[in-house]
Amino acid sequence: MFWRVISMTKRSSFLRYGLRSAAGLVGAGIAAAVVGFLCIVPLPGFTATARSELITPTPADQRLICPGGLVDVMTMAGDATSFAAVGVPEYVTAAQDTEITQTALQAPDNAMGNDLAAPQQIFAPAPTADVTPRIAGSQSQQPATENVAGLAVTACVEAATDSWLVGGSTETGRTTLLFLSNPTLVAANVTIAVLSEKGPITGPGSSGILVEPSSQRIISLASLAPNASNPVVHVTSTGGQVVATLQQSVVRTLLPDGVELVAPGAAPNVRLVIPGVRLSGMSAQHANEGGMITSDLQPAIRVGVPGVKDAVVTVTAFGVSGDPVVVKSKVPAGRVVELPFGNLEDGIYSLVVSSTQPVVAAARAMNDASIDPFATSTAAPTPLGSATPKPTAKPTSQPTTSRTPGALSGFDGRTSALAAFDDIGGDAPAVNPGGGSPSDGGAGSPSGSDAVGVGGDFTWSVATMPVLGDTLITVTSAPHPTLTLFNAGEASITVGISQEGTSLSDVTVPANGMRTVPLVAGARYVMTSTAQLYASVSYAAQGLGANMPLSPASPLGSGVIIYPR
Amino acid sequence: MNPKVTAILVARAGGEHLSQTLVALAAQTRPPDAVVLVDNGSRGRLAISAEAGQPDKVITMPGVVPFGEAVEAAARTVALEREGDDFLWLLAQDSAPNERALERLLGALEVSPSVAIVGPKQMEWDRPDYIAEYGLTMTRRGRTVSLVTDELDQGQHDDVSDVMAVGANGLLIREPVYRLLGGCDPGLPVVDDALDLCVRARLAGHRVTVVPDARVLTAGDGVIGPNMSLKLRARQRRARLIRTAELYRGMAYAPAFSVMWLWFALGPRSVFRAIWLLLAKRPYEVGGEFRAALAVAFSQPSVSRSRAQLARARTTGWWALAPLRMSRESMRRRQSLERENARLVLEGARRPLHFLSSGGAWTTIALAIISVVTNIPLLGAQALGGGALLPLSSSLGDAWSQTGYGWRSLALAQLDPADPFAWVMALLGSVTWWNPSFALVLLWCVALPLAGAGAWVVMARLTDRVGIRVFAGLAYGLAPTLLIALHDGRPAAVLVHVLLPWLFAAGLRAPRSWSASAIAALLFAAVVACAPSLGVALLIVWFGSVVLTGRYVGRFLAIPIPAVALFAPVVVVQLFSGNPLGMLADPGPVVPFAQASRWEMALGYPTSGLGGWFDLTGAINWGVTIAAGLIVLVLVAVLVALAVAGLFSAHPVRAQLALFVALLGLASAVGTVGLRVAFEGQTAVPLWPGAGLSLASLGLIVAAGTGMSVLRRFSFYPAIAGTLAVGLLAVPLIGGLVVGSGFVHASTGRTLPAYVVATASRDPLVGTLILTPQANGGVAAVIVRGQGMTLDQSSSLINTSVGSGDGQRALAHLAGDVSSTGGQQTEPALKQYGIGYILLAPAVGATSAGFTSDAASVTTRVRSSLDANPSLIPIGDTDAGLLWSYPGASTVDAAAVNPPSETQPWRSIIFSVQILVLILTMLVALPTGPPRADGRRVAEPVAFDDEGFEPVDVLAGDLDDEAV
């Protein structure tokens, strides 16, 4: 054939092989070039954008639950344990663009029949107009009985299916009670999971706890997790939703040494913010600084790891001035550890907890009976209140001075205005809209007339979710209310604060920084923020302390992005 | 008596044929007394030729008229001038008679007065010793049959004299008879004009004979009878004209009472004959069949005229013609002879594959064993789940009803055409009609051997070397892209990989057979239906074949037709919705995957991880990336080196083409993976690049096989090297399949909780709203009806749609409302849309690192809202997620959302057109019908060109051994 014919001579054979090789080389070269091109050169792509709709749900009824009065354990005949309220708390509510009604839930576990000692439901019906109304409420109580004494302030919150409570202790002398309030119309089936310093605690009776509609149950945490010094309680419910609150009270050598209501905190996350931790008596703590928390007399940060991997936790404490202080530690999976604060001066701090694994956290501050947090401070808050505090703003620890809800829910403008901005190290201008004398709000000493010997108090500050837009702040008559604002963002935020529609002043919170604003007891404010901000209101006096987180309105009513097909 | 002969010569163009004819006319031993030249439409351009022949009269027709009319015009002038016993001799420009033709013809007429018409022996112009035509007859059913065609004239037919009819070429007729019969029938302008004339002459009591010594050449210029060109268009026209004439004569000859019935039967007859034509592999005649029926149906006045004319001259009955008709036996004998001849031509080109003796069976068995081992984890499965696998519809009727057009799943109320993939799924499900989902289990089991056998067949068409064939089969059967598709649960990609070699095998045979062409068309449609993104590359390959094929182009041109018919509705909808890239989206559910980087794709892996080599080297604690990359690179390099070796062979064309296909496949894979047009919730998921890589591996394997064949007898060794390389490459993937590390698992055949399925078995329209929390805190919302999503229900139109219509907004509002408090407001919508269940599926990435706190919080939110909704009843945690039911939903409401009536008329139209195209293609694909030589001359095999280069027909047969 072809090549037989022409391969007669060496030359033509050479030529033939040459041509063939050249063709092969060219072919291989082109192939290599194409593969190289496809591997290296960026080719144009196309990414379509999924169809999405931001759905702002039809506004629904709003319902906040205040957990009700503090209780004491009444050991009855037989095995059953029952509880009785030690008094009636003061409720302060506020509403914007709506009218609210306040009713009491059933409280079968609470032996005291007073409606105001039962959990309070603050209800605003679904609006007819297209305005999203806001409601807010808080409760405050300062009992002084032989078992329960101290200051407990907490916010009224929405019911949820999933709550994390960081606080409490079931060691000897510590009483921790779990309030489960179900405001919904269906029964809630509640499961309680407890983490502790020894790991997850599984015990009988922790699941299938039935909470009837519109009622409250009280469960002693000791029955689920005895002898746990650092419990973290995870409450989940199916069916109806519940508001879970912990009441922790401490008795040291027969003397009551504080009481606290612990509100639900932020869900496990790798980054948490605990705003408004007021530390006092730190110099005494430094003396026995050992790097370990050995007793619940020490201020501490309680960190729990619900996951299955160990977490490396970094706690950064931001003060209003000075450099942040960092504490770093490893927390084993499934356990709860209390971390020390380190060398911090007295003052208000915001803590940022970052972790390699999702964690829950809260901070415990001590309010020693012998230390007046405002006595020595040069920067003692001097709110320049316009009006003298009304009687409604008085401490209401006496069980006899209960108020009708109607009187509390009004917003009649007779409460004192925001008085001044205490801007330690900051530069926000002081505003004095009314000009008047300082108001101490009647804070200071517990006013239980039949006061037994009183020890100190302790304060749990929980991790909060950021607030945005308008937030209503209700201040109870507890002493020295102080608003703490923490900005975790990278840009400074200007926050507007108004009272009864009167704009008071703007506060600029620097990036990654904190500001505090003293408030007037018994007042109601509207805080407006254009960016996400962490906030809480703390109260303090000699031997007293409380912290109330400010939470965003329930996400259930906010807009949600839907990707329909 | 001295009869006068007038030669009537009809010409359309001057030139060689005409001048030869004129010369031959002039050289007659008995010259015609007059020559009338009819200039039929050349508009005077015949002048010079005509002068040369010195005709007695030239008649110029105003335009091109039928032969019969031209003769009639000439005969009329003759009649004006002469009287008496004259003869008319009909000739055309290409009818050169031999010297004594007229003398013999005249002699035949003169000796027997009963004979009115005589015809000469018509010889082929190019081969004057071959008979082109020598007398005509009809079958019992009226079909025209030429008594002799294409035979060497050895005097074997010279004893024939009486025939039913003769062709018009060189026909000599007595002028009075011509007058009596009224000339040729204008209703038969091209074909059968002379036959009809002769038949009428016979009915008038005359005889028709052939004269063996009179010969007339004929070139088939188309002046008399149709143009005899071999071009497809001419063949089609000829077939149409023959059929028209047949039908026309049928009506003209029929008894009066049956004319009406014949007329009504025209339609049904043409339908049946069209089907027969498809089975007979003559699809190009189908159009003409219907045109012929239409033409005859609308020429009834002409038929009446013909019947009147026939009746006028008729003196005897049809019985007189009966002995002259072709008997059934001789007809059968002729057909079997023809078939024999045609087969000889076709069989000459067919290469037996020797599947059993040449390694095909062993390749398939080896792959089947591997397949059995890899499918151990799926043992006993009745359905598959995981990845992009969903069950099929539970009954065959449901599966077929998903095709065409209708209400689509996932969207609230959306009418759209179905994906072509629905046809594939319906066909696949029909294989296991008792449980359609089981077909997927079967597919998983036979994928390896079927793909390997396909590649073996492709290679067997190209080479005789057993080693190379086996290498191709094993290498393609163990290609990473197939194993990964099996591993990840990608049924469409598996189908593409399995069907692709069969498509190429059929394509390689397409130039030789309509059957192969139709099979290729069906496979093309199936492959493109499974991977629309591969359509671009396949169309390029197809276009290249069309360009390279040359004269068999018709059989290639038709290949994309079924695919076009299946895709047209989807393409139209996508174009009108302004989302043209959406038509490339993969069929089936949208499932994200770990996208491979470019270099990994160049090594043949559609997903990252180098097909398990990363994990394997990681487990042995080697430097993961480097070691894995190096191993794979070296193994792939073996194939690449072999492929490149093919480029240096003596005949590099095949290697070049194969490499081109491989690069095209790679380019297709790299290009498609950049397109993110289908959505899973908020995420736009890239197209699956595996289909392109299947094409790339097929091309690379064929190229490597070509490279091996360079070594001729020693090609065994590189074949072993290549087989070892692909075998080693596949080890981690096969291991992964064996231990069941893939996403595929045996499933129960349902995608919704059993609770819903139980309800749906009573109420097949019950809706389930499925909410899936997204990583960014959004919620994806889809609605399925009945027992849940199936593979055949999935629609790329729904998966890719971007615009927001009323349905989407309504669905978004419903989903937003149930995900928020204030559930009372959701009840009317749930009732209106007939939604009985709400399923909160696990959040995107709930089990992996992609889980975000946003997803967690939105999950909590949706769950809380649904829990708090008093109109919903919580059912609890199921295998598919958390379930709530809405007891207020009713079947009536659900039926009102997607009323079946609204799908019409499009559902019927699209379904009928698509099923028609598919059935017709299938009819052509069936290996039936007599092989035909397509009117080509059969006898001489083309002489083999010993000296020349190989033929450029690169798609034809094996070449590597011929050069030895």
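In which sense, left-handed or right-handed, does α7(B) cross α9(B)? The views below show a predicted model, in which local features need pLDDT of at least 70, side-chain atom pairs count only at pLDDT 80 or more, and totals for chains, interfaces and linings use all residues. Residues are numbered from 1 along each chain as its sequence is written, with chains lettered from A and ligands numbered from 1 in the order in which they are written.

**View 1. Packing of α7 (232-253) and α9 (286-297) in chain B.** α7(B) passes α9(B) in a right-handed crossing (the near helix is turned clockwise from the far one by less than a right angle). The contact (C-beta atoms, placed from the backbone, within 7 Å) involves residues including B:Arg240 and B:Leu247 of α7(B) and B:Glu289 and B:Ala292 of α9(B). The angle is about 35 degrees and the axes are 8 Å apart (axes are lines fitted to C-alpha atoms over the stretch in contact, and angles run from 0 to 180 degrees between N-to-C directions).

**View 2. Surroundings of α16 (466-477) in chain B.** Of the 12 residues of α16(B), 11 are buried (20 or more other C-beta atoms within 10 Å of a residue's own, C-beta atoms being placed from the backbone). These buried residues, among them B:Ile468 and B:Phe471, pack against α12, α15, α18, α27 and α28 of chain B.

**View 3. Contact between chains B and A.** Here 64 residues of chain B touch 52 residues of chain A. The largest share of the chain B side, nine residues, comes from α33(B).

Technical notes: Helices (H or I, at least four residues) and strands (E, at least two) are DSSP runs, numbered from the N terminus. The expected span of a helix is 1.5 Å times one less than its number of residues. Two residues are in contact if their C-beta atoms, placed from the backbone, lie within 7 Å.
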